Structure formats: C-alpha cells, structure tokens
Amino acid sequence: MSKSRKILLDIGFQLLGVLLAVLFTTLILLFTGAPPLQTYKLIITGAFSSLNSISNDFVVWVPLILATVGLLVTFSAGLWNIGIEGQITLGAIFTTGLIRMLLDTSVPPLLIIFLSILAGMLGGAIWATLAGALKTFGGVNEIFGGLGLNFVATAFTLWLIFGPWQRPGVGSMSGTEPFPESLWLPQLPGLRMSLWSLLLGILAVVIIYMMLRSTYFGLKLKAVGKNIRAAFLLGVPTWQYMMLSFIVCGLFAGLAGAIQVVAVYHRLIPSISSGYGFLGLLVAMLVNYQAIWAAFIAFFYAALNIGAIQLPIVLKLDSTLSGILQGMLVLFVLIVDGVRQRLLKKRV
Amino acid sequence: MADNIILIGLAGVLTAAAPILFAVIGETISERAGVINLSVNGLILLAAMAGFAVAVNTTNLILGFLAGMVVGGLVALVVAFCSITLHQSQVAVGFVLALLCRDLAYFLGNPYMGLPGPRLSSLHIPVLENIPILGPFLFRQDIITYLSILLVIAAYIFIYKTRPGLILRGIGERPSAAFARGANVNRLRYVYTVIGGMLVGMAGPVYSLSVKAGWKGTISGLDGLGWIALSITIFGGWNPIRAAFGAYLFAFLQWFGLYLQPQMPNIPSQVLQVAPFPLMILTLLFVNIGNTEWVNRMLAGLNEPTRRFISRILRSLSAKPPASLGVPFDQE
C-alpha cells in the first residue's frame, strides 16, 4: 500500500470514530427527548460566541494542557498516573499555604505569586513521588496507589477548609477566604483569563514536545515504556527513570493546581482539581501521546466543558453531556483503531 | 446501651458491605479469567441510576435489580470486545468507560434526582431474630445482604472446588495451556467478563434500592466506591473469602469513622470517611512488597532464621495476580 493511501485510510478511520461518537451521543439525546441540533448549537455558541466565552475556554485549557503534557511523560514511561488528580490538588494546597504564610508580610505581591507557584509545583511533585515510590519500592500498582492518594488529597483539602484554614466564622463548601486582588495572577481587563497562565501553558507544551522528541532523556523514557526489560539490559536505569517521569508529571500537575488558585479561584475550594487530571488522561489517550496535537484536542475538550455550562439553564439538561461526548470520542477512536489494525493484519 | 449502639453499627456494617461484596466478587471472577474491568466505578453509578429509574417506572424492585445487572453485563461486553477481540489496552478502555458511564449516569439520571422510589424492606427471619444480642444483628437484614454472603461462599466453591472453576483459573493463569487442553479461552473470557460485569452491576441497585435508597446524582456519595472495590479485589488476592474480609474491613472502618464523628465535631465527616484509604494503600503495600526486588535482595543479606521468619510473613500476606491478567490471547 502506498504511503499517501495509508495516511488517507488512517484519517478516514479517525473520522469514522468521531462520527460514531457523535452518532451515539445524538442517540442518547434523542432517548432523553432533548433536541440534538439545538443542544449542539448551544454548546458551540456557549463556547465561542463572545470574547468572554472564548477567554473562558482558555481558563480551562491551561490547567488541562498542563495535566496532559505531564501525563504524556508518564505515559512515555508506560505508567498510568491516575493519581494526577491528587497531584493537582496538592499543588493547589501548597500554593494556598504559601500565600497564607506570606499574606501579612512585606514581601512584594508579585514575588509571593511567583513563590507560591513554585510551592505548588513542589506539592505536586511530592505527591507524585509518593505514588512513584509506592510503585517502584512497594510494588503497588501506580493506578491503585494513585487512586488512594487522590482520596487522601481530597480529604486533606476538606479538612483544611473546615479546619485550620476555615473562613472567619463558619467553614463552608465555598472554600477558604478569597485572597486580595493584588495576589491574583494579572488578568486581562474585564475577563477571567490571565495571559501569564496562558503563557505557562504554551511553554509547557513546547518544553515537553522538545523533551520527548529530541532529548536523550525522552528517548530513554520511551525505551522504558516500550520494553522495560530490554531497556534495563541496555543500561537504562529503569526505576530512576520511572521515578523521574512521576516527578516531572507531578511538577506540571502541581503547576496546574497553582494556576487554579492564583489565576482562577483565588482561594482553595473542595473540588479544586475540577477533574482536569482525569480529562487530561482522556486527551493524552486521544492524541496517541503527541504533545502538539494535545494542545488542540485539549482546547476542543475545554471548549466542550465551557459550552455545556448553558445546558442546564436553557434546556434543563445536565452539563455532564460534554463528558459523554469526550468519553465517546476516546472510546470510538480506540474501537475504530482496533478494527483498523485487525483489518490490516488480515490483509498481510 | 453502649453495646446496643455497637451492635446496631455492626449490623449496619453487614448491610454496607453487601454492595461492595457484589462488586468485588464480580471483579474477582473477571480478573481470574484474565480481564481487568477498570470501568467498575462508572459502571456501579450507571447501574444504580438505571436500577432506580426502572424500579420507579415499573414499581417493581426485581426489574430494578435486573436492569442493574443488564447494564453491568453490557458495559463488560464492551470491555471484552475491545480487549479480547480488538486487542486494545484493557486499562485504557476500562478507564474511558469509568468516566463515560459516570457521566451517563448523571446525565440520564437527572430527571430522577431526589424522586421517592421503592426500596427493599428488611427481611426478619422469624424465631432467630429473637436471639438476644445476635438476633437483631444477624437476622434482620434485607435479603440482598444474605445473598451477598451466599455469593461469597458460592464463588469460593466455584473457583476452587469445581472443574469449570479450575478452567477459569487456567485461562487467567496460563491460557495457552488451557487452550491446549481444549478450553475455548477467548469465548470463556467473554463469558466470565460479562458474568463478572453483571455481578458488579448488581452493586448499583443494591445501593439505590437498599443501602442508600434513591438517586441523588453527584451528591449520592457513591462516586469513588468502584475504585475501592478494585483495590479490595487486589487486597483479596483474587480469593473470594479474603476479598470478603477486605470488604467487611472497609465497611467497618467507614462505620467507625462515622462513629467517631461526635467525638471530633471539628473534623468534617468526609475526612473520617476516607480513613480507610491510607489503610488500603498500606495493605496493598504489605501485600506487594514481598514481590519487589530490593526486599528480596535485603532479605538475602539477613541470617537464615530471620530471613525465613520474615519471608514467611511476607508470603502469607502476598498475593500474586493471575499471570495473564491484561494479556490478550491469540488462539490462531
């Protein structure tokens, strides 16, 4: 088969997967009696109709892409870092903690923001190291170690919000006391979006793209992921590389948590990770672990999240519809890819 | 009086463990056949919602339970198709389904939020319930609780004492050997994955029609329990009796957390509710650490009696997963 024909076939199969995903989501809408066309139109206008909504897409995109690129690193090493939700949460906790410590000092606000972001990255890395250590030294599968740590992180957040970091008066699910505006990451006038966080997101994509593509570290990491035994025999220090991949992922996850605090919520809230870690896993799977595509798919997923916000208000539909579409896409791309491989194998 | 509170609490533990038992035994059977169904968390939510919706619409509890099982079987069928037939990663497919089913449950369940619905009433076993102390504790449960205990025993006997059970272990452990002995490995894997999924699906309606009756959407508190069930499956070392022990331990710890609540009013209840998780991590650590290289290397450096003592403890704790768990099998 010629190369161009193979590429066309690949694209054709990918499109088929997308079509099937939309088809099934439409069937679900019809089943609930919702008007599909109007629903999709509402999602699109909700995500793109105004400058405000487009800027909101980026507010979701930044933490999502940070989580995704971090996961690309662990995926390269063949690891399923499901504990990323907890790593984002710990990033947010460390960020909030440092801001609280420096709140009434004479440290300049910009320096506080900078330091608190670093603290957040440290927090994420610590939580990731824990999951990594459980895996490499304890033999605990990273999926289950990470899951447990996610729950612990959530409990830790709740304890802080209702305990030591309680709002003056009574603690509530709305989170800790918001920080003064001088400690927010500078935002565009009239919008929730911060160019600084956008810059960090883009920087992260570039760094990970370069790292996985053209460094020795990236190459060895992929060797570990492809065949750990062969990599070990070739002299790659496998467990060190696995730990490192966890730490790098934790740094990015922690950064995502820090952004959630300094640029989005300006305080610690119970669900600070907003499920972006799990969503990042979906994005990473969908792009077949390529950083550049991740940026676009993550934006599409972010837009779906923002677009679906109007659904409950206008159509009385639950906004989890965006999650259904996001999940269906990955599921059908996986299925179609499997079918394609089987067909190709049969022909050979 | 104090005794009473504890006894009532322990009776509650039996009830609370019932859905976890269904999920854990179902997952154990599926993993014994070599297929990890990672979708459990979303699957339970979707089955809980479907079971409740069907029970409300038909006012028939049995149909509600059947609906949960059908949902579980269908989701498991997708896992089986993607992993056995298409050779895609079981973890990837299962994880996507975990998220997808959860969102489906919340989306489709939206109209049923907070609706009053039928619920299973407890079954009082005549005579026996009047036994002092033990009576109210053991013999006033609802029928599902009794069924969950029977399921554990039945699964244990099936896996370890019957010929089909031997084949089940074979296809998860050494599928090529099982195949050579005439077992249709992939077809059996389909069958056991779907059966396992149906049992996991049962856990859903056990919540929504019995333990935590009703459908409360995102605040139902069910989100996360599927992940626990997956951990307990490992904790149980793929053995139904040991898995049951894990399920009861977990339910007990959760109850104990709530029991401690009044003594520590400053700590939100959610915090005490997660107390079992660090413990779960620790037990997984103890279960697995004996298999790691550095522990074996360290043990080799100790003197003989100490080494034998420690490795005996580690061996009794440790559990190895079915050797071909997650590995596709090609029959041709």
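Modeller: First a term: contact means heavy atoms within 4.5 Å. This is a predicted model, where local features need pLDDT of at least 70, side-chain atom pairs count only at pLDDT 80 or more, and totals for chains, interfaces and linings use all residues. Residues are numbered from 1 along each chain as its sequence is written, chains are lettered from A in the order in which they are written, and side-chain values use heavy atoms, with hydrogens and water left out.

Colleague: Which residues of α7(A) and α10(A) meet?

Modeller: Ser197(A), Leu200(A), Ala204(A) and Ile208(A) from α7(A) meet Val248(A), Phe252(A), Leu255(A), Ile259(A) and Ala263(A) from α10(A). Helices here are DSSP runs (H or I, at least four residues), numbered from the N terminus.

Colleague: At what angle do they pack?

Modeller: About 170° for α7 (residues 195-214) and α10 (residues 238-265) of chain A, with axes 11 Å apart. Axes are lines fitted to C-alpha atoms over the stretch in contact, and angles run from 0 to 180 degrees between N-to-C directions. Angles over 145 degrees count as roughly antiparallel, so α7(A) is roughly antiparallel to α10(A).

Colleague: Switching to the interface, how many residues of chain B are in contact with chain A?

Modeller: 41 residues of chain B, against 46 residues of chain A. The two chains bury about 3,800 Å² between them, 81% of it on carbon and sulfur atoms. Buried area is the accessible area (1.4 Å probe) lost on putting two parts together, summed over both.

Colleague: Which residues of chain B lose the most area?

Modeller: Phe95(B), Phe107(B) and Ile281(B), together 17% of what that side buries.

Colleague: How many salt bridges between the chains?

Modeller: The count is 0 between chain B and chain A. A salt bridge needs a side-chain nitrogen of Lys or Arg within 4 Å of a carboxyl oxygen of Asp or Glu.

Colleague: And over all chains, how many?

Modeller: The whole structure has 8. One of them joins Asp10(A) and Arg340(A) at 2.8 Å, N to O. Asp10(A) is in α1 (residues 3-32) and Arg340(A) in α14 (residues 321-347), 330 residues apart.

Terms used:
Helix = DSSP H or I, 4+ residues; strand = E, 2+ residues; numbered from the N terminus. Parallel < 35°, antiparallel > 145°, perpendicular 65-115°, else oblique.
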